[in-house]
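I opened my notebook next to the viewer and kept track of what I looked up. Here are the entries, in the order I made them.

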Amino acid sequence: MVKLVEAWHKTFTFHKPPLALGNGILASCFSTHDAKRVGTHSGTFHCDEALACFMLRLSKHFSGAHIVRTRDPKVLESLDAVVDVGGVYDPLPHRYDHHQRGFDQVLGYGFATKLSSAGLVYKHFGLEIIAKVLGLAEGHPHVHQLYPAIYRNFVEAIDAMDNGVNQYELNEPPKYVINTSLSSRIKRLNLDWMDSDQSSDRENEAFHQAMALAGGEFLENVNYYAKSWLPARSIVMECLAARKTIDSSGEIIKLNRSCPWKLHIHELEEEMKINPSIKYVLYPDDRSENWRLQAVGISPVRFESRKPLPYLWRGLENDKLSEVAGIPGCTFVHMSGFIGGNKSYDGALAMARASLKA
């Protein structure tokens, strides 16, 4: 598996995620020499058009395009591309609005979320942009694997928030409010009503800050999913295929190295038609020579486990836990029963097997 991960890293030419306008790809997006013109609306801006403009400027056709912010129909008509305004979706003249009646575009790939201007630009330019960021050919299989993954884990939320799609089908109010999303942070970059300078120049400056923020996070996500998510997926797939060599139940898997497996378990179980589902994942502790066993969650977005570790073990440590469990080398079990540890792989496996029977 170590060779597999090294091979993944040799496949890609990574760009360091940009944090300021002076870095790499992000800086090139703001070059306007002899550039085409991309339009979006003036006034209050949102995350979707900030990201849409950034992505367009990463494309070959609109590389470093000049951004024109206006609501004047005659000016918009004269531009090379228009996003989030104009009431037209037509990729041939590069019109990418989503506010008009009857608009119902989705990405495909089984997604049902209506696209915003960000999703529309991603739909038509995403493969090209991912390939450019990673230094791969657009037809490379890794680019096509990453395309729906980056949409699911980054762009789709921006589409949903802009279109007013609730994350859950609930009539009750949320138990807490999240104001740290990318959409929320970009919203706060708009001019404050208390600012004395409400000029269009100041507003456009704020919009370019929003583009930099959205674009920087987009590039960070592309690089993360290429260098971390994709190789982890291959490791988890191999472990799932070998699950019955670990335990005859097929409900326990072993990772020879720690990796972000939670992102893949549920999706790969469905793809590989795994039944019964995986209950526990064993992996080495990065900070010691111990082993961890973790219960798989009931879904990727829920904290509850499919089969938590036994109630009588929870909150216990070391000798006391080993005595109660009847398994030597136990180190801890969390109060919620979602994770535990043992000094050896064999001990962790014994804990997982006992938990299955509990």
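This is a predicted model: local features need pLDDT of at least 70, side-chain atom pairs count only at pLDDT 80 or more; totals for chains, interfaces and linings use all residues.

I began with F62, which is buried at a relative accessible area of 0%. For these entries, buried means under 20% relative accessible area, exposed means over 50%, and partly exposed is in between, with a 1.4 Å probe and protein chains only. F125 counts as buried too, at 7% relative accessibility.

Residues are numbered from 1 along each chain as its sequence is written, and side-chain values use heavy atoms, with hydrogens and water left out.

**Aromatic pairs**

How many aromatic pairs are there in the whole structure? My search of the whole structure gave 13. The rule: rings of Phe, Tyr and Trp (its six-membered ring) pair if their centres lie within 6.5 Å, and planes under 30 degrees apart are stacked, over 60 edge-to-face, and the rest tilted.

I looked at F45 and F207 next; their ring centres are 5.6 Å apart and their planes stand at 70°, so I wrote the pair down as edge-to-face. F45 sits in the loop between β1 (37–40) and α3 (47–58), and F207 in helix α8 (residues 200–241), so this pair ties together parts that are 162 residues apart in sequence. Helices here are DSSP runs of H or I with at least four residues, strands are runs of E with at least two, and both are numbered from the N terminus. Both F45 and F207 are buried.

Back to F62, which pairs edge-to-face with F125, at 6.3 Å centre to centre and 70° between the planes. F62 lies in the loop between α3 and β2 (66–69) and F125 in helix α5 (residues 117–134), so the parts tied together are 63 residues apart in sequence.

I also found one aromatic cluster, formed by Y109, F111, Y122, Y147, Y151, F154 and F218.

**Charges over rings**

Which ring does the charged end of R69 sit over? I found it over the ring of F207, 4.7 Å from the centre. The charged end of K254 sits over the ring of Y345, 4.3 Å from its centre. I counted a charge as over a ring if NZ of Lys or CZ of Arg is within 6 Å of the ring centre and within 35 degrees of the ring normal.

**Cysteines**

I looked for disulfides, meaning pairs of cysteine sulfur atoms within 2.5 Å, and the count came to zero. C53 is buried at 0% relative accessibility, and C330 is buried with a relative accessible area of 1%.

Just after α5, G135 takes a positive phi of about 70°.

I then turned to α6, which has a kink of about 50° centred on V155. Just after α6, G164 has a positive phi of about 70°.

**The chain overall**

Last, I noted 11 helices and 10 strands in the chain. Of its 358 residues, 47% count as buried.

Definitions and conventions. The bend at a residue is the angle between axes fitted to the seven residues ending there and the seven starting there.
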